[in-house]
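Q: I have a structure open and would like to learn how to read its features. Could you walk me through them?

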Amino acid sequence: MLFPHLKTISRVAAGTWLVLALASSIPQSLHAQQASVNQPSERTANELVKIQPLIDGQDWNGVVELMQSILRYAAPNSFDQALANDILSKAYLQLGDYAASLPPLEAAYNSAVANGFFEERSQLERLYLLAQIYYQEASTVKVPAAQAQLFSKALGYIEKWINSQESPSADGRMFYISLLYNQAVLDPQKIDMGFLKKAQQQCQEALQAELAPKEGLYLILLATLQQEGDLARTTDLLELLAKQYPAKQTYWQQLFATYSNLSAEAKRPEEAESYNLRAIVTLERAQALGFMNTPKDNYNLVGIYFNIGQFGKATELLHAGLRSGAIDADIKKWELLAYSFIQVNRELTAIEVLKEAIQQFPESGQLDNQVAQIYYSLNQSEESYRYLNSALAKGGLDNVGAVHYFKAYICFELQKLDEALVAINLAAELQRTENAQLPGLRQAIQDAIANREAATKAL
């Protein structure tokens, strides 16, 4: 149940209302010879004398029995009947039986409408209570059709309540808007856009009418915009909420996520960059307030800087985060950091970064393999050879066949021909996909070995 602004109906309040109803309805003289139209009959007045001890002892079942006995003789459409039903409904509320309270409460309300028994203010209270109870009953029902029917009843009563007065209370308007929204999203697979638009319109009217609107109004308006997929207006509202309630982390998180989604959906690069920049500013504002400082948040920030081409800033944040623990360290992130340094021609820094990572992940050969490749790009084949052996000894490689092939190439270059032959054969055996260059390298290694043996024989 979304936006359940209905609180559990207070039994104390219901009991107080019950006492007040009695005080205003029972005449000063319980033995009046002739009751007026808005007063109980002499017989009923005499019966009601028994109710005060029951209320004092909180014997609500006793109140129920007493009212049911009055209803058995009360004339149709009489004040006795309306009053007994009204008190009966309050007694059921005290017992927590909300479903049982509805028929007598509706009967009391309808009888008063037809005969003018109760004053307007108390009738408004009955309308509001009927809407509340139907709403509460709807929240406990699991059958969609029955739930829809209960929601419809609640909505009908609260609309009567709204239309019966010039200035409904802020809480009442909020309750009405909540009902409209819940009716709209009753079936999540089939949003009722009519109710959704009505809830949105009522929200906007309430926001304009109130000097200090409640936060709940903004939340329902936000939900309607999100249901419509109106991300642009959603960000405007979230910016307002983040400004008004900066201490609430959820608004910063939603604002960041919305800007990120807008960036992903943007058709033009400059538009995507604009939303990415807003996402960065949102995250950094939140972090300045002490929010969104999780490793995931920090890594998201790095990712956005990469997306907008700010590689220097991204690399700086990633390196600092991996060192401090602000970003969860794993092998892929360290490899990304090394790759970032390579992109700006800082190969030696990339090697140092990978060696730093090796200290954290000493059992994985993948990082050693990366170091070997960078050393080879710097024409340091001996260092490359050393780290390739370390990588193969540790294991945990993404493509062990490719590493054996690379070792065969390095060994051939260093004239370690026997190792080269072993490596190239292993590469052929373990390769994942066909390597068009492998046969040529193997033949070159075999030829070199043959030439070496021939030269040895000649000597």
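A: Let's begin with a term for surface exposure: buried means under 20% relative accessible area, exposed over 50%, and partly exposed in between (1.4 Å probe, protein chains only). By that scale Leu289, at 44% relative accessibility, counts as partly exposed. Before going on, note that this is a predicted model, where local features need pLDDT of at least 70, side-chain atom pairs count only at pLDDT 80 or more, and totals for chains, interfaces and linings use all residues. Residues are numbered from 1 along each chain as its sequence is written, and side-chain values use heavy atoms, with hydrogens and water left out.

Q: Where is Leu289, and which residues does Leu289 touch, not counting residues up to four places away in sequence?

A: Helices (H or I, at least four residues) and strands (E, at least two) are DSSP runs, numbered from the N terminus. Leu289 sits in the loop between helix H14 (269–288) and helix H15 (295–307). Contact means heavy atoms within 4.5 Å. Leaving aside residues up to four places away in sequence, Leu289 touches Pro246 and Trp252. Glu382 is 93 residues from Leu289 in sequence, and their C-alpha atoms are 51 Å apart in space.

Q: How do I read two helices packed against each other?

A: Two packed helices are described by the angle between their axes and the distance between the axes. Here axes are lines fitted to C-alpha atoms, for helices over the stretch in contact, and angles run from 0 to 180 degrees between N-to-C directions. Take helix H12 (residues 231–244) and helix H13 (residues 249–265): their axes come within 9 Å and cross at roughly 155°. H12 is therefore roughly antiparallel to H13. For the wording, angles under 35 degrees count as roughly parallel, over 145 as roughly antiparallel, 65 to 115 as roughly perpendicular and the rest as oblique.

Q: What is the handedness of the crossing of H12 and H13, and which residues meet there?

A: A crossing is left-handed if the near helix is turned anticlockwise from the far one by less than a right angle, and right-handed if clockwise. H12 passes H13 in a left-handed crossing. On the H12 side the meeting residues include Leu231, Leu238 and Leu241, and on the H13 side they include Tyr251, Trp252 and Leu255. This contact of H12 with H13 divides into ten nonpolar, five polar and two charged residues. In that count Ala, Val, Leu, Ile, Met, Phe, Trp, Tyr, Cys and Pro are nonpolar, Asp, Glu, Lys and Arg are charged, and the others, Gly among them, are polar.

Q: How do H22 and H23 pack?

A: Helix H22 (residues 417–430) and helix H23 (residues 438–458) have axes 10 Å apart and an angle of about 155°. They are therefore roughly antiparallel to each other, and H22 passes H23 in a left-handed crossing. Among the residues making this contact are Leu421 and Ile424 of H22, with Leu441 and Ile445 of H23. By class, the contact of H22 with H23 has eleven nonpolar, two polar and three charged residues.

Q: What about H21 against H23?

A: Helix H21 (residues 400–413) packs on H23 at an angle of about 35°, with the axes 11 Å apart. The crossing of H21 and H23 is left-handed. Tyr405, Ala408, Tyr409 and Phe412 of H21 touch a set in H23 that includes Leu441 and Ile445. The contact of H21 with H23 has nine nonpolar residues, no polar and no charged.

Q: Which residues other than glycine have a positive phi?

A: Most residues other than glycine have a negative phi, and most peptide bonds are trans. Asn77 has a phi near 60°, and Asn379 has one of about 65°. Asn77 is in the loop between helix H4 (60–73) and helix H5 (79–94), and is exposed at 51% relative accessible area. Asn379 is in the loop between helix H19 (366–377) and helix H20 (381–394), and counts as exposed at 69%.

Q: How many disulfides does a search of the whole structure find?

A: A disulfide is a pair of cysteine sulfur atoms within 2.5 Å. The search finds zero. Cys203 is buried, with a relative accessible area of 0%, and Cys411 is buried with a value of 0%.
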